Amino acid sequence: MQIVRSVQEMQGIAERLRSEGKRIGVIPTMGSLHQGHLSLIELAHRESDVVVTTLFVNPTQFGEGEDFERYPRDLDRDKVLAQGAGTDILFVPDANEMYPEGYGTFVSVEGVTEILEGAFRPGHFRGVATIVLKLFNITKPHVAVFGQKDAQQLFIIQKLVGDLNLDVQIRVAPILRDVDGLALSSRNVYLKSDERLRATALSRSLKHAEARVRAGERSVVRVKGEMQEILRQADPMKIDYLTFVDPSSFREVAAIEPPSLLIALAVRLGATRLIDNILIPVP
Ligand code: AMP
């Protein structure tokens, strides 16, 4: 596995690979890799000739008072894991090169970036869209892989790709969970042991909703109420949002209707903010 730090060198490598007819697969990450990230790398490995994993804790997607400084970083461990999962090139750019003095261009996807995560993290998706477009311009992928874990981010990236005619295919990897159901996240290391236990309420509430919808329940109010009750049992926990949306538009729905429903939630457990979601087919 080759480690590349310079933007120009990465662009040169990508250009050469393209001229050789190689298919480039890219997985943007913020590092502190876990099995969820590795499943994305493995998916890219199956779909491309050369796998580029990018590792960059992107300052522009963190708001004031968020965890940019304390976000977990472990490059040595990430190198071993990325290589083991099939990474050919690990791109680890420097923040000063990505955002030099005087940097001034940002990408704003409109509408959907204002709700849910966007409402609680103003400017977050502007940072995400900007860094993803920059990483695409640097690594020149044919295919890029993102996780369903960040469902709204995925929706926004698909919109960015469509709206700006980016010539890259987006692949989606399912949410990887721990044995107790907690969605894997680099932020799970923040959880104290009692919080870790209570955090399982997120996936339990989502699984409960899935079972209810499968059994024919179609009332948002009832399913949401039951989910809130499951979450309440894990108190103290602050629910930022618990929202039922149409996955094709990300608009909130008043009733559960075919063909599918996405339930997205974000909670705060002590100093840790967790998100999770479930995509439920509605027959
Ligand atoms: P991050 O490093 O948190 O920015 O995540 C990088 C990519 O990994 C994003 O596309 C995430 O959606 C994806 N990802 C993070 N956690 C998981 C998970 N538990 N299962 C699947 N994909 C994930």
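**Group meeting: a predicted single-chain model**

Good morning. I begin with charge: the mean positions of the 34 positive and 37 negative charges of the chain lie 3 Å apart. Here Lys and Arg count as positive, Asp and Glu as negative, and His and the chain ends are not counted; each charge is placed at NZ of Lys, CZ of Arg, CG of Asp or CD of Glu.

Two remarks on the source. This is a predicted model, in which local features need pLDDT of at least 70 and side-chain atom pairs count only at pLDDT 80 or more, while totals for chains, interfaces and linings use all residues. Residues are numbered from 1 along each chain as its sequence is written, and side-chain values use heavy atoms, with hydrogens and water left out.

Now the overall fold. The secondary structure comes to ten helices and ten strands; these are DSSP runs, with helices being H or I of at least four residues and strands E of at least two, numbered from the N terminus. The radius of gyration is 19 Å, close to the 19 Å that the globule rule gives for 283 residues, so the chain is as compact as a globular protein of that length. That radius is taken over C-alpha atoms, and the globule rule is 2.2 Å times the number of residues to the power 0.38. Along the principal axes, the C-alpha atoms fill a box of roughly 55 × 40 × 40 Å.

Buried residues make up 53% of the 283 residues, where buried means under 20% relative accessible area, exposed over 50%, and partly exposed in between, with a 1.4 Å probe and protein chains only. The accessible surface comes to about 13,200 Å², of which 50% belongs to carbon and sulfur atoms; areas come from the Shrake-Rupley method with a 1.4 Å probe, and for residues only the protein chains shown count as cover. Among contacts between residues at least 6 apart in sequence, 73% join residues at least 24 apart, a contact being heavy atoms within 4.5 Å.

Let me turn to individual residues. Which backbone oxygen lies 3.0 Å from a polar atom of the side chain of Asn-277? The oxygen belongs to Gln-148; a polar contact is a pair of N or O atoms within 3.5 Å, and within protein one must be able to donate a hydrogen and the other to accept it, with residues adjacent in sequence counting only if both atoms are side-chain atoms. Asn-277 sits in strand 10, residues 272–281, and is buried because its relative accessibility is 2%. Beyond four places in sequence, Asn-277 touches residues including Lys-149, Ile-175, Arg-177 and Ala-264.

Phe-250 lies in the loop between strand 7 (238–246) and strand 8 (251–252). With 5% relative accessibility, Phe-250 counts as buried. Phe-250 and Val-112 are 138 residues apart in sequence, yet their C-alpha atoms are 7.1 Å apart in space. The contacts of Phe-250 beyond four places in sequence include Val-112, Leu-116, Phe-155 and Leu-262.

Phe-146, in strand 5 (residues 143–147), is likewise buried, at 4% relative accessible area. Among its contacts beyond four places in sequence are Pro-28, Leu-40, Phe-136, Ile-157 and Val-172. By contrast, the C-alpha atoms of Phe-146 and Gly-225, 79 residues apart along the chain, are separated by 31 Å.

Thr-130 belongs to helix 6, residues 124–139, and is buried at 2% relative accessibility. Leaving aside neighbours within four places in sequence, Thr-130 is in contact with Tyr-103, Thr-105, Phe-106 and Val-107.

Finally, backbone geometry. Most residues other than glycine have a negative phi, and most peptide bonds are trans.

Positive phi values occur at Leu-116, near 45°, and at Asn-165, near 55°. Is each of these residues buried or exposed? Leu-116, in the loop between helix 4 (95–98) and helix 5 (117–120), is buried, with a relative accessible area of 9%. Asn-165, in the loop between helix 7 (151–163) and strand 6 (169–173), counts as exposed at 66% relative accessibility. Thank you.
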